[in-house]
Structures are given as structure tokens and as C-alpha cells.
Amino acid sequence: MSFKSDIEIAREASKRPIQEIGEKLGIPSEHLLPFGHDKAKVGQDFIASLGDRPNGKLILVTAINPTPAGEGKTTTTVGLGDGLNKIGKNAAICIREASLGPNFGMKGGAAGGGYAQVVPMEEMNLHFTGDFHAITSAHNLLSAMIDNHIYWGNSLEIDERRVSWRRVLDMNDRALRDTVTSLGGVANGFPRQTGFDITVASEVMAILCLANDVPDLQKRLGDMIVAYRRDKSPIYCRDIGADGAMTVLLKDAMQPNLVQTLENNPAFVHGGPFANIAHGCNSVIATKTALKLADYVVTEAGFGADLGAEKFMNIKCRKAGLAPDAVVLVATIRALKMNGGMKKDELGTESVDAVVAGCDNLARHIANLKSFGVPVVVGINHFVSDTDAEVAAVKEFVEGQGAEAFLCKHWADGGAGITEMATRIAEIADSGVSQFAPIYEDDLGLFEKIETIAKRIYRADEVLADAKIRTQLREWEAQGYGNLPVCMAKTQYSFTTDPTRRGAPDGHSVPVREVRLSAGAGFVVAICGEIMTMPGLPRKPAAEAIRINDEGLVEGLF
């Protein structure tokens, strides 16, 4: 059986002018800044005028830990949005923008798949409206101004050994993880060791995704700590004088992007922090705007629920005053089999036993999500190799966990293939049963917050951190940063820091090798295990298959 590729399906889409998509949400055309005919930015003045409107219902889509077999979280997010509209609801979708790094690496695009996609697919997975380029430019402007300040006399008395601000690039490039800059003599400045992170790990990205408006953006940018003096007192971005120019570079990027699904339903695509090394959610401004314009908003959080959903709850919702009304946990029969011990080349063979064994991972995520006080529904993202017995086993297992599971065929059938779950999710969201609360209080110590996540979400026995890290956390607490949430940077493939340990392991340790203060974004990053904030390309990058064909069309994106 042959299937059309995602890009082939997207290319056949019957798109409507973006002004018509805006009209569905009541956005006048004069408040849309078009980028071509099928995408636009929503004006800040219009967004500001929505403040008195009531909010719609917020539905979070998350997933089990990712496997090479695939889960389909974005696909389900898009499909559920289409499904809600299919049953007569006024629904919008909020997802993140795609990073060029994984697009040309191994992950592929971030627009959904099959007949549950957001279009234009090629533009979304490439330069889109230039937001990531603006973030990269703003971040590196600050880097240049720090080195320039040191070169011209260093009146702030920056300790060159303690410049914490690195550079960024929206590409997977392991060669740039650790670098030395300013080589070549007096004219090029003072040599120092530094490095690059990927753009999605930039604090500027986090700030763009957490800021409420342009003034808030500039304040947060000014609050960023970029270096320290010899007495360890902090140097802020505003001390360098970069916050104003950075805001100018980011003012258009702050405006949410409006596009459409294959079924011509509205989708906001804005911001793109990874959930394994950052907080993994689309922008607050996009989510809040959608909630004022639609009765139901379906959004996603990156990777598995142990990362993206945890950060959505503990960071985004805490900071933005949001609360999910329902959560969809995505799983596939194939991924559950892999968690149950099957190899990838065996997944086409029926094995109810492997499915049930793999459900340990599913059960762990259900329990974790319920600990936030939110109702959970499991969406089984259908593959043609799934058998009735395997699906029945998952439904029975989930029922035993006090939840419901639905077989969803949105990949093949679009919104029509997910209407059963859409109907149930709308009922749950409307019922008001959610009693959402983060799992730790603001006034808990920073190390204790790390321990809370490690023990309650990862089921670890202990957190391993040397005296230097614990001292650093105490110093930040003394400086007034103790009330911040923590952002765990950890492998997405396991509850542990070992990416090969699938299922639901417990009794393990979580080693924290570094902590970083993101004072502007408003959280502390704990870097665990061997996770890298600048990824590398795989042995065979996806870029090798991406090209323009004889018809002038892009091939190889997926």
C-alpha cells in the first residue's frame, strides 16, 4: 500500500486567503500583516483590544516518551483542532515554529502529518516569517556588544572569565559547542573561551515566548544576566545598553503568526523552544490571543509529558496565569511495543504482550498528569499495522488507570477521523472538572524544586549535584531568584538521563552537571546528564535528501 508523502498532501491543499481565516476568528483584515497570501501576523493593537473578552477552553496535547516508531503529537494537535471544528465547535490551534536544525537533521518538520497538517508546510519548516532569524540576530547583537564593551575599556569591569552569554545559531553544529573567540591579535579584542547554543535554546527565545507585549519584552531582555564582575556581582543586558536595539529587532517577531490547517481552520504558529533543553511551549501571546478569539484552543508541549507538559504546567501556566481544562496524552501502538521491548523492524507483527508491557510508560505519564489536577484522555494515533486486539488492550489498560482512550484516525481522515475524541474532550473541558495546580510552590528552594521534579515526575531516588552547583543555587536564592521555577534540560527519550532506558524505570539518579540562570525569562535551567544545548547532525542528515526538483518544488521535507 502506497501513501502520499506529507509534502505531497500539503502541496495539494485548497488554501483560503489568510484574510478569510482571520474572519473566522473575527480578526479584521486591517489588523493582519500578510506574508504572501497564506500567512500573516496579527497586530499588537488588535491583541491589546481583546483584554476584556472571556477565555475559551484550553486543551493541552502531550505524549509518551518519543521513540523511533513515532508518536504524532503535532499531528494529533492539528487533527483535534480540525475535529472540534468538524463537530461544530469554534476551535483554534496553537503550535510552535520549526527549527532549521532538526529539519535538516533527523526530526523532520513541525507542521503535523498526513491529512492533519498546517500549511504552507514548506514555508513553515524553513524561514517562515523570519522570527527565528530575528531572535538569532537579537541574541548575537548582544554578544557583539558585550565583546565590544570589553574592547573599548570595559568600564563595567566585566570579568572576562565570567561572561555567561554565549552565541546562537539555528542549526545543528557540534563543532561550535565550545569555541575560542577574538583570536588574531590586538585589533580583534581579548581571546576568551565561549560557545554556541542552538537558537531555540536562547533565553531570547524563551522571553519572546513568555512576554505579554513589547514593553514586557524589553523589560525581560534588560533583566538578562550576561556576565559577572570579579566580585561576582551581575552585569545585565541593560547595563550593556542592548535591550532597546534588541527589542527593535524583535518587535515584528513578537506578533503571532496566523496560518491554516488543510481543512482551512485557524492555527497560530509562534515561538519554538525545544522541550528537552528549554521550556517547550508556543508563545504566551499566541495562546492568550487564541483563547480570546476561539471557544476551544488546542496547544501542544514538546516531546514527552515528563518534559513539555511538566514545563507547560510549572512554567508557562504559572507565569501566564493559564490553566488547562483537559489534557490529551498521545500514544501509538508501535511506540508502546518499542517500550515493551520490541525492535523497530518487528513492529508490524501483532504482539498484545509487548503492547501491554509498553503501557508502563503510558501509565506513568497518566499518573504524572493527574498529579497536576487535570483530566486526562489518551489518544491512540492510528497506524495501518495496528490490530483490533492491540487497540483493545490499550483501551482496557487505560480504563484501569481511571482514564479513557480513543482510537484516532486523523492522519488518514483528517478531522472526521477524530470526532469521537473531540466530542469527549469538549465535554470534559466544558464540565469544569479540572483543578489545575503546579506541583511545587514558588517559595520552595531551587534545589528542592529540582528534586521535586526528579522524584515526582521522573521517579528518581536522588539528584546528584556537586557542592559548586548547590552553592550557586543558594547564591541565586540570596540574590532574590529563589522564587523562580526550574527548567530541566534532559534527554527526551527516557524518564532517566540515559536515553536507552525505555518504559517506566525507577530507582535511578538524576545527575545535574550545570545550572544556568535565565533571569529575564524567569527560570533556572538545570542541565542533566549528557544533554547538549547545541545538537549535532546524525550520521545521515535529512539535508542529504532535501532538494528542488525539476518542477522547481521542494522535495525531501517531511
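Tutor: What follows is a short talk about a pocket and a cavity.

Tutor: This is a predicted model, in which local features need pLDDT of at least 70, side-chain atom pairs count only at pLDDT 80 or more, and totals for chains, interfaces and linings use all residues. Residues are numbered from 1 along each chain as its sequence is written, and side-chain values use heavy atoms, with hydrogens and water left out.

Student: How many cavities of 30 Å³ or more does the structure hold?

Tutor: There is 1, a cavity being a set of points, on a 1 Å grid over the protein atoms alone, where a 1.4 Å probe fits but cannot get out.

Student: And which residues line the largest cavity?

Tutor: Among them are Glu97, Met124, His127, Asp131 and Asp170, where a lining residue has an atom within 4 Å of a point. Helix H7 (residues 131–151; a DSSP run of H or I, at least four residues) gives the most, with 3 residues. The space inside is about 70 Å³, a volume being the space filled by probe spheres set on the points.

Student: Switching topic, what is the volume of the second largest pocket?

Tutor: That pocket has about 1,500 Å³, and a pocket is an open set with protein on both sides within 12 Å along at least five of seven lines.

Student: Which residues lie nearest its centre?

Tutor: Val163, Ser164, Glu514, Val515 and Arg516 do, out of 48 lining residues.

Student: Which element gives the largest share of that lining?

Tutor: The largest share, 7 residues, comes from H20, which spans 467–481.

Technical notes
Helices (H or I, at least four residues) and strands (E, at least two) are DSSP runs, numbered from the N terminus.
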